[in-house]
Amino acid sequence: MSNTSPPRVIPLHDLRHSAHPMPAVEKNGAMAGGALPSDRLGRPLRDLRISVTDRCNFRCSYCMPKEVFDKDYRYLPQSALLSFEEIVQVAREFVGLGVQKIRLTGGEPLLRKNLELLIAQLAALRTPEGQPLDMTLTTNGALLARKAQALRDAGLQRVTVSLDGLDDRVFRQMNDVDFPVSEVLKGIEAAQAAGLGPIKVNMVVKRGTNDHEVLPMARHFRGSGIVLRFIEYMDVGATNGWRMDEVLPSSELIARLKTEFSMLPLQAFAPGETAQRWAYADADGRRDTQAGEIGLISSVSQAFCGDCNRARLSTEGQLYLCLFASGGFDLRSLLRGGASAQELAATIRAIWERRDDRYSVLRASLPTAPMATPGRRVEMSYIGG
Ligand code: SAM
Ligand code: SF4
Ligand code: SF4
């Protein structure tokens with residue numbers, strides 16, 4: 001990691017309480033029925049990401065820089081958090097409106113006490129067609145070795161583990177709490193042993209910090225059954241001092257991989273998928289299924305808003321329509337004000353039907369880098385990745 005540049009962490013605009021006005025719906029939820037909703041750009045609602053805590057045991061400089069998230073930072077009080085019962089109430093309505101996949105995130109989701117109890121309740125939900133949900137969780141892996149089996153037993157199907165490199169010195173610096181790589185690798189092993197698969201590993205690539213780890217990470221996970229995904233460092237939130245010159249575009253990343261491996265592009269599994277998939281090829285140029293595949297998440301260099309079907313529920317029950325939104329919709333007030341299930345569903349439908357967010361596409365058309373005009377954007381640790 002470069003220690004020579006001056007500090008450029010930007011003070012936090014606390015946007016946790018800047019809610020958008022709620023759409024008016026009839027109390028009996030008359031708008032709730034009908035076909036599944038699409039937003040203004042024709043995108044359905046399929047994926048719900050639920051942040052279960054705003055706390056974290058890491059201080060990744062690109063997400064929760066220590067200078068901002070220090071001992072004086074005020075996390076949400078327990079009473080502000082959605083209870084498990086409230087999360088399930090909201091999730092049930094989302095599922096009724098088309099959600100098929102739930103991802104638990106944070107902050108660090110494994111810090112939320114008794115998370116298994118929530119997982120068990122969410123795993124019991126069924127789509128209108130009677131299908132179980134695709135249930136997953138994103139974690140930094142620090143507590144995974146201890147919790148993997150309990151998560152699996154509760155009904156979690158798979159996990160995504162974040163790991164920014166195998167170079168212990170660099171990883172300890174990036175998480176900024178001196179946490180070793182070996183413990184995350186133990187967590188991944190425990191998740192494999194518990195049957196939490198297929199496992200994905202997310203690596204955020206910052207040019208000049210950990211880009212030298214791209215090839216070692218590819219070598220390490222090739223043939224392991226684990227899908228390694230490289231994420232472009234994003235200008236999410238407003239505190240990480242993001243700069244375009246620290247982004248390693250996926251085109252450059254794949255070129256680096258091709259210096260050592262033959263790679264073949266794969267078709268997306270489904271619309272709205274965040275990663276472009278690439279397989280390893282054998283000496284004859286055919287797909288080497290034993291070697292597995294990798295993913296590239298090019299949220300900066302190749303905007304993929306066109307079929308973004310993701311909604312995000314913050315720790316305190318605000319609904320966000322985009323990772324880069326400046327405000328959410330306060331579902332918690334609705335819940336705590338005694339709204340019926342129909343009213344809740346009608347409200348979520350009305351919010352989704354007005355959605356026109358497409359930040360990455362708009363950013364791509366900006367004449368200057370976005371941080372030249374610092375944005376008022378919610379932090380990733382608050383709404384999850
Ligand atoms: N604490 C968990 C973890 O790290 O996996 C879950 C929450 S974290 C906010 C979710 C994902 O967002 C992680 O994979 C993390 O690497 C990614 N992330 C955070 N800040 C990012 C940024 N500025 N650019 C790209 N990815 C980022
Ligand atoms: Fe914590 Fe995850 Fe953010 Fe790192 S990326 S600070 S582990 S929430
Ligand atoms: Fe979806 Fe917003 Fe990301 Fe576009 S920028 S892909 S709309 S979350």
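Predicted model: local features only at pLDDT ≥ 70, side-chain atom pairs only at ≥ 80, totals over all residues.
Let us begin with ligand 1. Its surroundings consist of 20 residues, and the closest of these are Gly107, Thr138, Ser162, Met234 and Met380. If you sort the shell by class, you find eight nonpolar, ten polar and two charged residues. Several polar atoms of ligand 1 have partners in the protein. A nitrogen atom of the ligand sits 3.2 Å from a backbone N or O atom of Tyr62. The side chain of Glu108 also takes part, with an N or O atom 3.2 Å from a nitrogen atom of ligand 1. On the oxygen side, the side chain of Asn202 places an N or O atom 3.4 Å from an oxygen atom of the ligand. How much of ligand 1 does the protein bury? Taken alone, the ligand exposes 550 Å², and the protein buries 95% of that. As for where the shell comes from, the elements that give it two or more residues are strand E4 (134-139), strand E6 (200-205) and strand E7 (227-232).

Ligand 2 comes next. Around it you will find Cys56, Phe58, Cys60, Tyr62, Cys63, Met64, Gly107 and Asn140. The shell of ligand 2 holds six nonpolar and two polar residues, with no charged ones.

Ligand 3 has 13 residues around it, and those that come nearest are Cys305, Cys308, Cys322, Leu323 and Ser360. Here the class count is seven nonpolar, one polar and five charged residues. Strand E11 (310-313) and helix H10 (359-364) each contribute at least two residues to this shell.

Now for the helices. Two packed helices are described by the angle between their axes and the distance between the axes. Take helix H1 (residues 84-96) and helix H2 (residues 115-123), whose axes come within 10 Å and cross at roughly 25 degrees. With angles under 35 degrees counting as roughly parallel, H1 and H2 are therefore roughly parallel to each other. H1 passes H2 in a right-handed crossing.

H2 has another partner, helix H3 (residues 144-154): the two pack at an angle of about 25 degrees, with their axes 8 Å apart. That angle makes H2 roughly parallel to H3, and the crossing is again right-handed.

A further pair is helix H6 (residues 214-221) with helix H7 (residues 250-258). How do their axes cross? The axes come within 10 Å and cross at roughly 60 degrees, and H6 and H7 are therefore oblique to each other. Their crossing is right-handed.

Finally, two spots in the backbone are worth a look. Most residues other than glycine have a negative phi, and most peptide bonds are trans. Asn114 has a positive phi of about 55 degrees although it is not a glycine. You can find Asn114 in the loop between strand E3 (101-105) and H2, the helix that packs with H3. Pro198 belongs to the loop between helix H5 (181-194) and E6, and E6 is one of the strands that supply the shell around ligand 1.

Technical notes:
Residues numbered from 1 in each chain as written. Chains lettered and ligands numbered in written order. Heavy atoms only, no water. Near = heavy atom within 4 Å. Polar contact = N/O pair within 3.5 Å; in protein donor to acceptor, adjacent residues only side chain to side chain. Areas by Shrake-Rupley, 256 points an atom, 1.4 Å probe, with all protein chains shown as cover. Helix = DSSP H or I, 4+ residues; strand = E, 2+ residues; numbered from the N terminus. Nonpolar A, V, L, I, M, F, W, Y, C, P; charged D, E, K, R; others polar. Axes fitted to C-alpha atoms, helices over the stretch in contact; angles between N-to-C directions. Parallel < 35°, antiparallel > 145°, perpendicular 65-115°, else oblique. Left-handed = near helix turned anticlockwise from the far one by under 90°.
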